[in-house]
Amino acid sequence: MKTFNEKINEYIKIIDKSLDDFLEVRYPQSIWESMRYSVLAEGKRIRPIMTLEIAKVISGNFEDALATACAVEMLHAQSLIHDDLPCMDNDDYRRGKLTNHKVFGESTAVLAGDALLSFAPQIIIEKTPESVTTQIKLNVLNEFFHAAGAYGLIAGQIVDIKSEKQEIDNATLTFIHTHKTSMLFRLALRSGAMIVGASEAQLVAVSEFADNIGLAFQICDDILDETATFEDLGKTPKKDIKTQKATYVRMYGLSESRQKVHSLCKKSYDILNENHLGSEILFGLVENIEKRIN
Ligand code: GRG
């Protein structure tokens with residue numbers, strides 16, 4: 001019997017092998033090397049694991065969702081590269097390594113992000129098995145563009161930037177978190193479910209789960225920014241206080257933020273249970289998010 005960690009590591013191996021293959025170095029080498037540097041750096045891979053696992057829970061197989069899972073991770077890496085740029089959060093470290101622009105220079109880092117943003121949907125089109133219908137692929141692509149663009153991550157990021165050093169209300173803070181972070185969890189989970197032909201009711205439940213766990217994940221990230229070390233985070237801690245970012249911790253303090261994470265995680269377990277979407281992996285991922293802040 002495999003342990004939870006062994007199963008997670010199996011998923012990570014499969015995801016990393018596919019990412020490595022998809023991102024084979026072509027000409028001009030400098031752009032592919034810059035893309036590979038950030039995507040293949042050691043991240044938790046929580047989003048692509050969720051894509052694969054929800055597909056498995058619903059259909060019994062995850063293979064059809066593998067290209068989409070990799071596309072989700074590429075979009076995530078793109079958002080990290082751009083988020084770290086001097087014109088955004090200006091970070092020197094990410095995933096325990098120097099940030100992309102520190103190694104390759106700003107112009108290459110911008111281009112690497114742009115290249116990942118257009119390469120990821122191409123991977124969905126070209127590498128998803130032909131047995132998945134064109135209509136399903138189109139629906140997944142629509143989901144991808146919705147999450148990446150001005151309805152999604154970009155909306156969250158722009159409000160985040162404009163809110164620095166400002167007094168903001170709870171609705172604005174929720175808007176930032178749901179768009180900047182939950183949206184990618186929505187994409188990861190909904191696209192994995194869609195690829196294997198989930199029902200409308202399953203998609204509604206998956207979206208609700210994604211919104212709750214995405215918000216919990218972002219509040220955790222805010223808590224850890226204040227409480228964790230460079231070694232734990234792989235990036236410079238306490239940046240949010242310095243830049244007076246709009247975070248849960250800044251608005252409600254550490255203790256209330258922790259309580260909020262626990263109640264969002266409890267809601268996430270309930271959604272999985274009530275909709276028969278639970279699995280050891282999905283429950284374990286929620287548990288691990290909660291554990292990080294204890
Ligand atoms: C999508 C075109 C386009 C632009 C992106 C820069 C930007 C706009 C959005 C920023 C989004 C962002 C960086 C949100 C933070 C989300 C977050 C908590 C990231 C950390 O995720 P982990 O902990 O990281 O999963 P690893 O390294 O483990 O993958």
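Modeller: Gladly; we'll go through the backbone, then the cysteines, then a surface patch. Keep in mind that this is a predicted model.

Colleague: What should I look for in the backbone?

Modeller: As a rule, most residues other than glycine have a negative phi, and most peptide bonds are trans. Here, Tyr-27 and Pro-28 are joined by a cis peptide bond, with omega at about -5°. Pro-28 sits in the loop between α1 (4-22) and α2 (29-39).

Colleague: Which residue has a positive phi of about 55° although it is not a glycine?

Modeller: That is Asn-90, in the loop between α4 (66-84) and β1 (93-94). Asn-90 is partly exposed, at 41% relative accessible area. Gln-244, also not a glycine, has a positive phi near 50°. You'll find Gln-244 in the loop between α12 (239-242) and α13 (248-274), partly exposed at 37%.

Colleague: Is Cys-220 buried or exposed?

Modeller: Buried means under 20% relative accessible area, and Cys-220 has 1%, so Cys-220 is buried. Cys-87, at 59%, counts as exposed.

Colleague: And which residues form the nonpolar patch on the surface?

Modeller: Tyr-93, Leu-98 and Val-103, which together have about 220 Å² of accessible area. Val-103 belongs to helix α5 (residues 100-104) and is partly exposed, with 40% relative accessibility.

Notes: Residues numbered from 1 in each chain as written. Predicted model: local features only at pLDDT ≥ 70, side-chain atom pairs only at ≥ 80, totals over all residues. Heavy atoms only, no water. Buried < 20%, exposed > 50% of the residue type's maximum accessible area, 1.4 Å probe, protein only. Patch = residues over 30% accessible without salt bridge, like charges linked within 9 Å, V, L, I, M, F, W, Y side chains within 5 Å. Areas by Shrake-Rupley, 256 points an atom, 1.4 Å probe, with all protein chains shown as cover. Salt bridge = Lys/Arg side-chain N within 4 Å of Asp/Glu carboxyl O. Helix = DSSP H or I, 4+ residues; strand = E, 2+ residues; numbered from the N terminus.
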